[in-house]
Amino acid sequence: MQANIKHPDIDDTVKVTLTPSPAGILRSTFLSDPEVIASMPALYTHIQSLLNPTWFYLSASPYNLYPFLRSFLHANYPKGTILLRDASWMDLSGFLLSLTMGTEAYKTGEMDKVHGWLPNRKVLCVGDSTQSDPEAYGNIYRKHNGWVKKIFIRKVTDVAEMNKEEKNSPDRFEKAFKDVPKDVWQVFEDPNELYAAVDALKAI
């Protein structure tokens, strides 16, 4: 797959957050030492060496967190553009709300922008099951036919506040990826499961 874009999510995709709550996201960013998802840096290094993509790190976190996320990402993952949501420290309630509300619409809108900038590139999307990544990526696949070539969704199983039965149910993924070919999307728990699928992208 040449001339491609890599579109990963951040929280619980490349960085351990382990909570869907706004307070927990802030705590994992500011008060705890940031921790990578096990085996994910090695996978991203493999993708970088194999495909040499343009990286966009997409998160619903507010732009105020940019310095912290940039330091973490650049220390552990290939460098790329970080796309964050507008929010202000001046309105704490709105700031906290922005961490978890409306993530599907926000991420779909940001990916629409990237498609507008780079409509002829090929896209690999990586996200997780904690919020709305499957739905957002499914929307983008259906909206921009042929743009997204592969979707990887990390099945998150270690978040206490998350309804794992609902978020990780096969029905949820089938609904999110309606009309998306089954060979395009893959749900995984261990990043080591993905190497064969990544290697296959070289021929696309």
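The charged end of Arg85 sits over the ring of Tyr106, 4.9 Å from its centre; a charge counts as over a ring if NZ of Lys or CZ of Arg is within 6 Å of the ring centre and within 35 degrees of the ring normal. Keep in mind that this is a predicted model, where local features need pLDDT of at least 70, side-chain atom pairs count only at pLDDT 80 or more, and totals for chains, interfaces and linings use all residues. Residues are numbered from 1 along each chain as its sequence is written, and side-chain values use heavy atoms, with hydrogens and water left out.

**Aromatic rings**

- Trp55 and Tyr57 have ring centres 6.0 Å apart and planes at 15°, so they're stacked (planes under 30 degrees apart; over 60 is edge-to-face, and the rest are tilted).
- Trp55 and Tyr57 are both buried, meaning under 20% relative accessible area with a 1.4 Å probe, protein chains only.
- Phe177 and Trp185 are stacked too, because their ring centres are 4.7 Å apart and their planes at 25°.
- Phe177 is buried, and so is Trp185.
- Tyr44, Trp55, Tyr57, Phe72 and Tyr77 make up one aromatic cluster.

**Two packed helices**

- H5 (residues 103–117) and H6 (residues 133–143) are helices that pack at an angle of about 35°, with axes 9 Å apart; helices are DSSP runs (H or I) of at least four residues, numbered from the N terminus.
- Those axes are lines fitted to C-alpha atoms over the stretch in contact, and angles run from 0 to 180 degrees between N-to-C directions.

Notes:
Phe/Tyr/Trp six-rings, centres within 6.5 Å; stacked < 30°, edge-to-face > 60°. Buried < 20%, exposed > 50% of the residue type's maximum accessible area, 1.4 Å probe, protein only.
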